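Please read it alongside the sequence and the model.

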Amino acid sequence: MRKSLLLTFLFLLAFVVQTYAQQNRTVSGKVTDQENGQGLPGVAVLVKGTTIGTATNTDGSYTLSVPADANTLVFRFIGYVAKEVAIGSQTSINTTLALDNKQLSEVIVTGYGTVQTKRDAVGAISQVAAKNIENKPMPSLDKALQGQAAGVLVQANNGIPGGAINVRIRGVGSIQAGTQPLYVVDGVQLNVRSDASFTQSNPLAFLNPNDILSIEVLKDAATAAIYGAQAANGVVLITTKKGKAGKTVFTANAYGGVSAPLKKLDVLNTQDYIQMRTEATNNANRNGLDANRQAVIGTEMRIPDGATLTPEQIAALPTYDWQDAVMQTGKIQNYELSASGGNDKTTFYIAGSYNLNEAMFKKVDFRRGTAKMDLTHKATDKLTLASSVNLSSFSQKAPFATDGSSLGNPAFSSSLIIPSNRIYNEDGSYFGMLGSGQTFPGILNQNIVAVNDYNDASQRNNFVVGNISATYQIIPSLSFKSFYGLDYRIVQGRSYRDPRTSDAYARKGLGQVESTWNTNFITSQTLNYNQTFNDQHTVTALAGFEYKTEQQEGIFTSADGFPSPEFRYLNSAANPLSASEFFTNFKRISGFGRVNYSFGGKYLVAVTARYDGSSRFGTNNQFGLFPSVQLGWNVSEEEFLKSVDFLSFLKLRASYGTTGNDQISNFASRGLYGSGALYNGSAGINPSQLPNPDLKWERNETVNLGLDFGFFNDRIAGTIEVYNRMSRDLLLDQPVSWTAGYGAFTSNVGELRNRGIELEIRTANIQSAGGFTWNTNFNIARNENEVMELYGGLDVLPSDNTIRVGYPVGTIFTQKYAGVNPATGRPMFYDINDNITYTPVLADRRIIGDTQPEWYGGLTNTFAFKGFELDFMFQYEYGRIQSDGQLNFLSENGNRQFNTLQYFFDNRWTTPGQITSVPRPYNNGIEPGGVNHVSASSRIYNKVDYIRLKSITFAYNVPTPFLQFARLSSAKVYAQGSNLFTYDDFKGYDPEFFGSATGIIPQGKNYTVGIQLGF
Amino acid sequence: MKMNIKYKLSSIALLAAALTFSSCEKALEVDPRQSVDIATALNSRENVNAAITGVYSRLKSARVYGRDMIALPEALSDNGRATNRSGRFVNESNNQPNAHFIHWQNYYYAINDINLALEAIPNLNVTPAVTDAEKATWEGQLQFLRALCYFDLVRSYAYDPGTAISSQDKGGVPLLLNGVKTLEDAVLRLPARSSVADVYKQVYADLQAAEAKLGNLTTTPSIASKQAAQGLLARVALYNKDYATAKEYADKVIATHGSRLLTAGGYVNGWRNRVNPESLFEVAFTINAENIGVNESLQTSFTTIVIAGNRSQTGGFGDLVPTEALLTDLGIVMTKTATGASTSGTAAVAIASRSTDVRNLLYEIGTAGRGAAFVETTKFLGKNGSINLDNVPVLRISDMFLIRAEALSTPGSPVLDEAAARLDLKKIKENRYTDYGASTAAVSDLLLSGQDLLNEIIRQRRIEFAFEGHRFFDLKRLGRDIVKSPATLPFSDYKILPSLPVRELDGNPNLVNNTGY
């Protein structure tokens, strides 16, 4: 089977080379702008139905050698209506191009260098143009996708600039294997695993988003199938800016601004805190409010003479704002310079940038320098060499912790510290430090401002992402491309735990250093074929093979015992603690092909197949085939619709495709004994994993139906997509009894379905004669996720009760909260028979919702008038519930010695008969014969629906007369804001989060102003 | 000519493609470097040794001797009081449902490690060949460890022989003696609970084999020895109400190692040593990389103190401290508040007086760094050079005297001999009370008999092994209620036994959970 498939590919390769050679002739001419008659540089001039072509030079002129049998030239330029001119016997062809308002004629890329007009495309592809993401102060491009494309859900898991982002295209397609899409930058398939130990470093932050020309999101399996085994979660193709022939154009761009907190959590002041703990301790041990108040103030809060304070003195006690002390107004700066130009032989694009993005949280920042060079050279008429290199280095300061409930984590503790605790002593030194004789009261007993100040950690990521390629035009209709790409990354990190702070006080400082190397090499060899027969039958074909290897190596070491805080490098440490090293690697080899057939631009057919072999899978199943077929019908091209004036475009599409998911660990199919055990000075080994020689790809099969439409000369245009995505043979850790000595093995079991509908609408609401325009882009997606099957007839995954047959991944199965007993103030729950209980048991659990949004999308409005442009984008999510770990701590309401949210305090039960959802405060949270009110139940799950004004931009393009005066070719000034407004009903910090949210660095809002000059 | 070039190029491309694919299976070969293949892992002497080390290392888990096997028996019983500084042990000390032992996974993993190693040893084909002595050392250690795992599983998850409440008794724990090597083995492993008797039978068999194979205890109690096997069997037999065997094995250990019992003068110092001189077996935490850390180590669980006697430097949480009842048994009298309550846990904390029992010197007032101070135990104090790093004694020689005393004095024992029991009691007390010889207690102890004698022996066990992981198991095997504040836990309460892990029940229809869950 395997061999015969390989032969098929070879046969396909052989098929497309069978053609012939012919004599050429030369055509030359000039392309001008219809509006002003000026030469248009950079226009693509192509022989129709081939890949033979050139670009116009600075003044719009071109010379092209065309085959004798060529009869039509196509002139294409982004933003202009493409034009076809018959060649006949002419040797000189001058033409004009007109500006195009229709977006449908823009081109899109679909992988491996294939460029199609949208009219010819048959896939479900969302495109995000440079304009939509430029100058936004977001370090990584994935965040820029937020709200821009229907069916693409983007969730930030915190506010660390360059931090992790969760991107899901058309729902969750896997239960345990990866759910993130494949990212491809100029043909290089990126490794986006974060290797940073001390903060979150999103590898996608290596690229300056302003160097991006366009982003295409391949959503349906049939289009993505060309990427086979990596494409199950969709593919994001990133094309960076390229040079254009003509006078060298310089562009300088700079913006600057600030980041600020979205909000502060409204926590109790000292007086309310005293009242809360007094009630809590008194409810638990009936010693009387006064005695308990004295104990709270004197013993717990350690306020001097606490036992004897008068009510007036208590009322005068100060409150310290710890949140304020760890937040800041951060600086944002961005500088860029690019040069683009060249001649008809060579074009180039060179750009450099520097970006500084300080978060609104102290000690969290992001600094990036990038250098990009893009070069294309036509060595001969037939041979084109190209190279694109992105050099990038970004460094991040890391806070004490990026998430979690460690006491020193400033993001966790700042809202929970007892509010009467001072931050500074009168002499300016930090209050409550170890060894000072002062004690820092409360469970959160560290001065986190000092902890954040004294400890430091940093992370640096250095990247080389580049490629070289050579394209040879074998015959006019056939070219061969040899492509080599490298994604190389060094991740360095250091962390120093200061001996003045709790975590390293006893050990006198702890230093940790990591270094990780990633070498991701890819090569592909492709043949591209493009021929039109009888002016009716256009065939384009692609065949190729690819090899990829991704290797990761790293070292990690740590030491403690430093002489003093001034010594922060490991060579100063007394005790080396650990030295570790790791290696991992996978390899993949693939053959692929695609044939597109178009009959007169009306009927479109595409067939794609890819055959992948991966070292990750079991020896019995290392290879997999991923075929797909797509059909398209440009209905509006039919004669019977040509007379329908209001209909400018209508296309129906249907596709079926398969893709794979290989996002599991590199050695998941192997049976292993692992090292690392230690005992009595010796190193030990333990069995760690059972072999599964049958392990294979997780398989996605998607049926996609699409409708593209344009009305009134495309004033109203859009796309509707409906899909049904079945994920089969899920890569699942199938649990086995612990008595077997293992917890689980990676297996192919179960089925998952995502089906949904997506709508994108682009409208030109106003196009007034006076030059005022108002355009709206709206997108909305609904995805229904359902676990169809597990294994062995199970209804629930034994290790994870959020995975249940018949329900979405992330279903919440817990007890139902019944509110507070009005008579006693005790928390009540429903048992399985809906009777009230104080001690819910496991059998009382039920389904209360899930963590996937039902609806999500974005809305962008753009107003333009005489060079002014106002653009604002909303993003929204509806229909998911989440438990916010930080909010859970903040709702304890006196269970333990830390602060709580004002909401819970104000609504607490205090008097018999009171109807409220917040129980009475009770020390340690467990009333006799009850359970903790913050333990798992529907009470800790909240709706996190929101609409957010994600960005608003106001820009002014300086008009031409002023430009000429200043010898500029373009000038723009702009102001922008991000996350300025959120509509929600959520008590935590931010409804836009992914994961548990305990102690995460929160998102902030940004304001920036900038200027962009071309000369 | 042009045609030729094209065809040449095409041919080269095709050839390249053909070459690449013809070798593709080879091109996909890649091996891990931090792990070895399971099929060949135990083919060398070094790796068998490493696999045995791997089993020992599982004992360090915080779910077993790293914390839970030591701390939870205190929290669940009447010895430990949760201070609510971090919230840890609050549920256990209140005997909340599901606040109990959760070491099923850790022990069954260790058992599988052991079974795999035991199966590999006879097939080991190395040069020079494995000697009988080598084989005995390996197998003796593995069988000792397997016995320890099964004993801890059965005494945690099941009723003890002789005191089961039959209406709530669901049997012992699954007994598995073969290693899992393939997926099929793993998937088909759906065992039912074996009877308690069968589990004890296997534990006896393993310990008797280990006793025969292992050498004498020298200076390293962190590795299994003949005396460790004998001592554990004495304890197992006591739990099994098999008093003759308990006495027989306690005798054996006392005969060779009884002199390791520390005197009253040496007791406190013994606890300040890296290795407790009384240990027959202890779980070693040697280097800081093994440190369980500030959240879950025994030191942080039991005390805020970093240096004995120094109340100015706060280390851990001190989450679990002695109850008033334990302090009373220890002979520590607290200063009282105006209302007559103990000052432990208030700002006015102070010790009014101490008895002459040297064991109470391992209890002192903690720091006030995390709120009002309590009296805390300093048995675990970072003895191994770093804070939170301590060896954990599992079997001490004093246990042998108290086991024997109990076996000799329990009514109905086939080896009932109260006079001998009183001698063992005297032996312990002489070495724990500085003035025992001249005290009135020494005289009145001579008059103890029947239930009074047994009760005094049990009380001495409570004092001797407080915060060493015995109390809950002792009360449970004796079928006694746990008398504590705010609520006594009757022995008949289902919460005496933990739930089996829910995931184990979900995937295995043969497994029955304990009553109440």
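In this predicted model, three strands form an open sheet in the order β31(A)-β30(A)-β1(B), and their pairing is antiparallel. From one strand to the next, the twist averages 40°.

Within this sheet, β30 of chain A, which covers residues 672-679, pairs with β31(A) in the antiparallel sense over seven bridges. One bridge can be followed at the level of residues, where Ala677(A) has Gly684(A) in β31(A) as its partner. Helix α3 of chain B (residues 45-58) packs on the sheet and touches both β30 and β31 of chain A, its direction making about 85° with that of β31(A).

The elements that take part in this arrangement are listed here.

| Element | Chain | Residues |
|---|---|---|
| β30 | A | 672-679 |
| α3 | B | 45-58 |

Turning to chain A as a whole, its secondary structure comes to 15 helices and 51 strands. Its radius of gyration is 31 Å, close to the 31 Å that the globule rule gives for 1015 residues, and chain A is therefore as compact as a globular protein of that length. The C-alpha trace of chain A spans about 105 × 70 × 65 Å along its principal axes, and 52% of the 1015 residues of the chain count as buried. Among the contacts in chain A with a separation of 6 or more, 69% are accounted for by residues 24 or more positions apart.

Where do the nonpolar residues gather? The largest nonpolar core has 297 residues, and those with the most contacts inside it are Phe144(B) and Ala234(B). Helix α7 of chain B (residues 132-157) gives the most to this core, contributing 12 residues. If residues up to four places away in sequence are not counted, Ala234(B) touches Ala246(B), Tyr249(B), Ala250(B), Val253(B), Met400(B) and Ile403(B). A second, separate core has 17 residues and includes Val31(A), Val47(A), Phe75(A) and Ala245(A).

As to confidence, the model scores ipTM 0.93 and pTM 0.83. For chain B the mean pLDDT is 93, and 95% of its residues reach 70 or more. Where pLDDT is low, the predicted coordinates should not be read in detail.

How values were computed:
Residues are numbered from 1 along each chain as its sequence is written. Chains are lettered from A and ligands numbered from 1 in the order in which they are written. This is a predicted model: local features need pLDDT of at least 70, side-chain atom pairs count only at pLDDT 80 or more; totals for chains, interfaces and linings use all residues. pLDDT is the predictor's confidence in each residue, from 0 to 100. A nonpolar core is a set of buried Ala, Val, Leu, Ile, Met, Phe, Trp, Tyr and Cys residues joined through C-beta atoms within 7 Å. A residue is buried if 20 or more other C-beta atoms lie within 10 Å of its own, exposed if 12 or fewer, and partly exposed in between; C-beta atoms are placed from the backbone. Helices (H or I, at least four residues) and strands (E, at least two) are DSSP runs, numbered from the N terminus. Two residues are in contact if their C-beta atoms, placed from the backbone, lie within 7 Å. The radius of gyration is taken over C-alpha atoms; the globule rule is 2.2 Å times the number of residues to the power 0.38. Two strands pair if DSSP finds at least two bridges between them. Axes are lines fitted to C-alpha atoms, for helices over the stretch in contact, and angles run from 0 to 180 degrees between N-to-C directions.
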